Amino acid sequence: MSVTPHPLLAVAEVPAVEPYLRTVGEVFRSFREQDSGCVSYGVHLPDGERWFVKEATTAAAQASLDRAWVFHRAVRHPVIVPQLHRIAVAGGRTATVMPWRHGESLYGPARARFRALPLASVLQAIDRVLDAHLAVEAAGMVAVDLYDGAFLYDFYGDALHLIDLDEYRPGPFALDEDRLPGSARFMAPEEWHRGARIDIRTTVYALGRSAHVLLDGGERCAWRGTAGQLAVVERATRDDPAERFAGVREFTDAWRAAV
């Protein structure tokens, strides 16, 4: 008995992404106004599976997708939504195929809903972020452009996933531009200076900011954690990289001890 090739995981090349997706399933969501220069689609196939397809529409977006493809070949973790397949598109671009994950980005209105969750759920989410970055560290990669938009939270399944880690790259490296991409709320001081060293201590800074944002009480900035947890965050986010934790493992151990 012959097996029908998977319409997204087995196709090598298509003339155009969206028309092809509409021939194989229902495009139930589209994300067009993205700063990255990518256009993304949620696709519902006839067998009931849902998938996420991200297409590069500019040269810069293509460079980012290429970088992401390398990252996802090096790092696999249950929290990180994987890029499983890459489709060539006419014109020299590509599109990547990922499993669809239910949830809401914590960059926006969902952040207040998240902060209202029981403390145990918030701490579990932070621990998932840290555990994923232990895998990032083990692969010799560093975090770039980590911010709350990368946190996809499933309020019904009480689970956090990491998405859009397209700027992660091998480290350490010297910054060869005026600044790295990212949200100012999460960026370490060195990410703003050409020639600066970007390494795992930069990742520690981003993780410290992540823990602070997720545990902040809301409009009045009421810290929901303990004094010990706050001390760990404050060390992780010091301006001088040498004064931070030496790596994700050291930071995670200190955080878990404080929890």
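How close do the axes of H4 and H7 come, and at what angle do they cross?

A: This is a predicted model, and the values below are computed from it. The axes of H4 and H7 come within 9 Å and cross at roughly 160 degrees. Angles over 145 degrees count as roughly antiparallel, and H4 and H7 are therefore roughly antiparallel to each other. Their crossing is left-handed.

On the H4 side, the contact is made by Leu123, Ile126, Asp127, Leu130, Asp131, His133, Leu134 and Glu137. On the H7 side, Val248, Arg249, Phe251, Thr252, Trp255 and Arg256 take part. Sorted by class, the contact of H4 with H7 has seven nonpolar, two polar and five charged residues.

H7, which spans residues 248-258, also meets helix H6, residues 227-236. The axes of H6 and H7 come within 8 Å, with a crossing of roughly 165 degrees. H6 and H7 are therefore roughly antiparallel to each other as well. The crossing of H6 and H7 is left-handed. From H6, the residues in contact are Gly228, Gln229, Val232, Val233, Arg235 and Ala236. From H7, they are Glu250, Phe251, Ala254, Trp255 and Ala258. By class, this contact of H6 with H7 has seven nonpolar, two polar and two charged residues.

Asp154 stands opposite Ala159 in S10, and Tyr153 has Leu160 of S10 as its bridge partner. On the other pairing, S7 and S9 are antiparallel over two bridges. There, Ser105 has Leu152 in S9 as its bridge partner.

The side chains of S9 can be followed one by one. Phe151 and Tyr153 point one way from the strand, while Leu152 and Asp154 point the other way. All four are buried, where buried means under 20% relative accessible area.

The link from S9 to S10 is a hairpin with four residues between the strands. Asp158 lies in this loop between S9 and S10. Its phi is positive, about 55 degrees, although Asp158 is not a glycine. With a relative accessible area of 29%, Asp158 is partly exposed.

A second residue of this kind is found on the way into S9. Asp145 sits in the loop between strand S8 (141-142) and S9. Although Asp145 is not a glycine, it has a positive phi of about 65 degrees. Asp145 counts as partly exposed at 23% relative accessibility.

Gly171 and Pro172 are joined by a cis peptide bond, with omega at about 0 degrees. Pro172 lies in the loop between strand S11 (169-170) and strand S12 (173-174).

For context, the model also holds an open sheet of six strands. Its order is S1-S5-S6-S4-S3-S2, and the pairing is mixed. The edges are S1 (13-14) and S2 (26-31), each with a single partner strand, so one side of each is left without a neighbour in the sheet. S5 (residues 85-89) and S6 (residues 93-99) pair in the antiparallel sense over five bridges, and His85 stands opposite Val97 in S6. Helix H1 (residues 17-24) lies across S1, S2, S3, S4, S5 and S6 and runs at about 5 degrees to S3. Helix H2 (residues 59-74) packs on this sheet too, touching S3, S4, S5 and S6, and its direction makes about 45 degrees with that of S6.

Conventions:
Residues are numbered from 1 along each chain as its sequence is written. This is a predicted model: local features need pLDDT of at least 70, side-chain atom pairs count only at pLDDT 80 or more; totals for chains, interfaces and linings use all residues. Side-chain values use heavy atoms; hydrogens and water are left out. Axes are lines fitted to C-alpha atoms, for helices over the stretch in contact, and angles run from 0 to 180 degrees between N-to-C directions. Angles under 35 degrees count as roughly parallel, over 145 as roughly antiparallel, 65 to 115 as roughly perpendicular and the rest as oblique. A crossing is left-handed if the near helix is turned anticlockwise from the far one by less than a right angle, and right-handed if clockwise. Contact means heavy atoms within 4.5 Å. Ala, Val, Leu, Ile, Met, Phe, Trp, Tyr, Cys and Pro count as nonpolar, Asp, Glu, Lys and Arg as charged, and the others, Gly among them, as polar. Two strands pair if DSSP finds at least two bridges between them. Buried means under 20% relative accessible area, exposed over 50%, partly exposed in between (1.4 Å probe, protein chains only).
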